[in-house]
Amino acid sequence: QVQLVESGGGLVQAGGSLRLSCTASGGLFSLNVMSWYRQAPGKQRDLVATITTGTLTNYADSVRGRFTISRDNAKNTVYLQMNSLKPEDTAVYYCNARTNNGRGAEYWGKGTLVTVSS
């Protein structure tokens, strides 16, 4: 069983930056594929960024070049650095873990709200 706790959300003006953190407990963090998703009001939950156990990264087109996902296995934590934020980035951001190099169980955090004002 893996528990995920996100932090770092808040209100920021357009053009600003935020860094989200997600700390995991339970399981072996270094073997988790970690991702960030987001869900805006009335919309589906979409993948934002993924980092593999080998630290390969992948980004949604809408955030590529502005967001950076990283992980610190010693701290059981994955980060999402968000720069040049836009109002359309407003959403609840969720941390996701897939164990066993992505082939195992899937877990979600409860989410953290990011609001970008224009």
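# Bridges, bonds and buried residues

Visitor: Which residue in β3 is the bridge partner of S7?

Guide: Start with the strands, which are DSSP runs numbered from the N terminus (E, at least two residues; helices are H or I, at least four). Strand β1 covers residues 3–7 and runs antiparallel to β3, residues 18–25. Two strands count as paired if DSSP finds at least two bridges between them. In that pairing, the β3 residue bridged to S7 is S21.

Visitor: What kind of model am I looking at?

Guide: Numbering starts from 1 along each chain as its sequence is written, and side-chain values use heavy atoms, with hydrogens and water left out. Local features need pLDDT of at least 70 and side-chain atom pairs count only at pLDDT 80 or more, while totals for chains, interfaces and linings use all residues, since this is a predicted model.

Visitor: How many bridges hold the β1 and β3 pairing, then?

Guide: β1 has a covered face with L4 and E6, and an uncovered one with Q3, V5 and S7. Its antiparallel pairing with β3 runs over a number of bridges that comes to five.

Visitor: And what is the relative accessible area of S21?

Guide: S21 sits in strand β3. Leaving aside neighbours within four places in sequence, it has contacts (heavy atoms within 4.5 Å) with V5, E6, S7, W36, T77, V78 and Y79. S21 is classed as buried (under 20% relative accessible area; exposed is over 50%, partly exposed in between, with a 1.4 Å probe and protein chains only), because its value is 14%.

Visitor: Is V12 buried or exposed?

Guide: V12 is in strand β2, residues 10–13. Beyond residues up to four places away in sequence, V12 touches S17, L18, L85, T115, V116 and S117. At a relative accessible area of 12%, V12 is therefore buried.

Visitor: How far is the C-alpha atom of V12 from that of W36?

Guide: V12 and W36 are 24 residues apart along the chain.

Visitor: On to the disulfide: what is its handedness?

Guide: A disulfide is a covalent bond between the sulfur atoms of two cysteines. A search of the whole structure turns up one (the cut-off is sulfur atoms within 2.5 Å), with the sulfurs of C22 and C95 sitting 2.1 Å apart. The torsion about that S-S bond is about -80°, so the disulfide is left-handed.

Visitor: How many residues apart in sequence are the parts that C22 and C95 tie together?

Guide: Both C22 and C95 are buried. C22 belongs to strand β3 and C95 to strand β9, so the distance in sequence between the parts they tie together, in residues, is 73.

Visitor: What relative accessible area does D61 have?

Guide: D61 meets R64 in a salt bridge of 2.5 Å, N to O. R64 is partly exposed, because its relative accessible area is 46%. D61 is exposed, because its value is 66%.

Visitor: How far is R45 from the ring centre of W108?

Guide: R45 lies over the face of Y94, 3.6 Å from the ring centre. That means Arg CZ (or Lys NZ) is within 6 Å of the ring centre and within 35 degrees of the ring normal. R45 also lies over the face of W108, where the distance to the ring centre is 4.7 Å.

Visitor: What is the phi of S84?

Guide: S84 is placed in the loop between β8 and β9. It counts as partly exposed, because its relative accessibility is 41%. Although S84 is not a glycine, its phi is positive, at about 50°.

Conventions
Salt bridge = Lys/Arg side-chain N within 4 Å of Asp/Glu carboxyl O.
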